[in-house]
Amino acid sequence: MHPSRPATPVLSRRTFTRLTAAAVPGFFTAHGFGAAPAEGPSDRLNLAVIGVGGRGAANLGGVKSQNIVALCDVDERRAGKAYEQFPKARRFTDFRKMFDELETQIDGVVISTPDHTHFHPAWWAMERGKHVYLEKPLAHEVDETRRLTEAARTKGLATQLGSQRHALPGLRAGVEIVKAGLIGEVREAYSWVKSSRGMPDPQPEVLPVPAGLDWDLWLGPAPTRPYTKGFAPYDWRFWWEFGTGEGGNWGCHILDIPFWALELGHPTHVAASGPQPDADRTPQEFASRMAFPTRTGADGSTLPPVTLHWSQGIPPALAERGVDSALIKDRNTLFIGSKGMLLCGFHSWQLLPEEPFADMTKAPRSLPPTPGFYPEWIDACRGGAPASCNFDSTGPLSEAVLLANIAYRVQGEFAWDAAAMKSSRDDVNGMLRREYRKGWEA
């Protein structure tokens, strides 16, 4: 028997509330969004947070109302503020050791590590029956994304992808306008990120590993290599080995709008183009196109096929369709309907052409209210309704983002069989998964 594990498993509050829900049907749903009413400290989840600097610090703040039992980070300096804020939490550098020592004391984990290390801590957590909040994109590889999605479903775990803008009123208004049919039938949509980031210095300087950083653990499943200027804590995002570029960085936020509004799942065809791909570095611009088949909507209606364009850089099609550049501002999505167009983003929307919609000043309210993005997941962990960005809904979205990246890297197009998780091209199939460094097999 492992010396750190008690002989008799502890019945956590989460387990108790689930048993209560089973015994008393409708108990949770009678209390708002679906969670059991809080009665005191014993109702709080025991959470571990993996990655507590940068984005991780924001996510830690989102769940600070819960009982933070462990903080795990490979960089002691970036974790310093979190350590000060939660002095009673156990501190770890290696998430594997954390699970080994605290497995029975953890209800859920919040993971905010670089893209290439999303899969392993999430997989370890799910294998141990822990609920997971995971930053976007869901994983670094298509295969990893599918495995996490299926594991969450099989084990009945509460999950939430870190597409925090999903709860913003402006984004929700755009979704409600499309769902209400105000612009008619939508068969084409454009989404983009206004960014030229990518293609960092091709030969970054090799430096000594900074004090407090466990570089080997930061690399995780990636091949061993020297510490290099810029990789940590942020520029990893623009190297294919570790990140997924601006596509992965923003895709799960922005494409959340058309995926939600049009009830999209897996594409059947993917194509992309752009400047000559670099084997190591992500691009500063690209354009992709994904075809989605006829679908059955949540209300039982038949939804038409859709072509979704996703790009880094504003697509020329906006000007070609008469969209004034002054209207774009911070908006990032254009729906083209049979009765008009909707230009929208995270905070605002504009119906086009303006004259026919002059009296339309408010979006129709149809989506259920949210208690907040983090409370959604906390409620789901306690036996309530699934969080709105659970992996069943965001797994296909994350896969689509990664497939668009692959299409750009092969500078072409391919048919996609989502059920078989296989494309019509061998080179694409070879990019759906990766080899892990010895000791990181999963």
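The model is predicted. Its largest nonpolar core has 119 residues. Helix α14 gives this core its largest share, and α14 also packs against helix α9.

**Nonpolar cores**
- In the largest core of 119 residues, Leu-71, Met-98, Trp-218 and Phe-335 touch the most other members.
- Helix α14 spans residues 391–410 and supplies eleven residues, the largest share of this core.
- Leaving aside neighbours within four places in sequence, Leu-71 is in contact with several residues, among them Val-49, Val-52, Leu-60 and Phe-86.
- The contacts of Leu-71 also include Arg-90 and Arg-91.
- A second core is separate and has twelve residues, including Tyr-190, Leu-318, Val-323 and Leu-327.

**Helix α5**
- Helix α5 runs over residues 119–127, and seven of its nine residues are buried, so the rest of the structure largely encloses the helix.
- The buried residues are Phe-119, His-120, Pro-121, Ala-122, Trp-123, Ala-125 and Met-126.

**Helices α9 and α14**
- Helix α9 covers residues 245–254, and its axis comes within 9 Å of the axis of α14.
- The two axes cross at roughly 150°.
- Angles over 145 degrees count as roughly antiparallel, so α9 is roughly antiparallel to α14.
- The crossing of α9 past α14 is right-handed.
- On the α9 side, Gly-247, Gly-248, Gly-251 and Cys-252 make the contact.
- On the α14 side, the contact is made by Leu-397, Ser-398, Val-401 and Asn-405.
- By class, this contact has three nonpolar residues, five polar residues and no charged ones.

**Backbone details in loops**
- Most peptide bonds are trans, and most residues other than glycine have a negative phi.
- The peptide bond from Lys-136 to Pro-137 is cis, with omega near -15°.
- Pro-137 sits in the loop between β5 and α6.
- A cis peptide bond also links Leu-352 to Pro-353, with omega near -10°.
- Pro-353 belongs to the loop between β15 and α13.
- Met-199 is not a glycine, yet its phi is positive, near 50°.
- Met-199 lies in the loop between β7 and α8, and is partly exposed at a relative accessible area of 31%.
- Gln-411 is not a glycine either, and has a positive phi of about 50°.
- Gln-411 is in the loop between α14 and β16, and counts as partly exposed at 34% relative accessibility.

Key. Residues are numbered from 1 along each chain as its sequence is written. This is a predicted model: local features need pLDDT of at least 70, side-chain atom pairs count only at pLDDT 80 or more; totals for chains, interfaces and linings use all residues. Side-chain values use heavy atoms; hydrogens and water are left out. Buried means under 20% relative accessible area, exposed over 50%, partly exposed in between (1.4 Å probe, protein chains only). Helices (H or I, at least four residues) and strands (E, at least two) are DSSP runs, numbered from the N terminus. A nonpolar core is a set of buried Ala, Val, Leu, Ile, Met, Phe, Trp, Tyr and Cys residues joined through side-chain atoms within 4.5 Å. Contact means heavy atoms within 4.5 Å. Axes are lines fitted to C-alpha atoms, for helices over the stretch in contact, and angles run from 0 to 180 degrees between N-to-C directions. Angles under 35 degrees count as roughly parallel, over 145 as roughly antiparallel, 65 to 115 as roughly perpendicular and the rest as oblique. A crossing is left-handed if the near helix is turned anticlockwise from the far one by less than a right angle, and right-handed if clockwise. Ala, Val, Leu, Ile, Met, Phe, Trp, Tyr, Cys and Pro count as nonpolar, Asp, Glu, Lys and Arg as charged, and the others, Gly among them, as polar.
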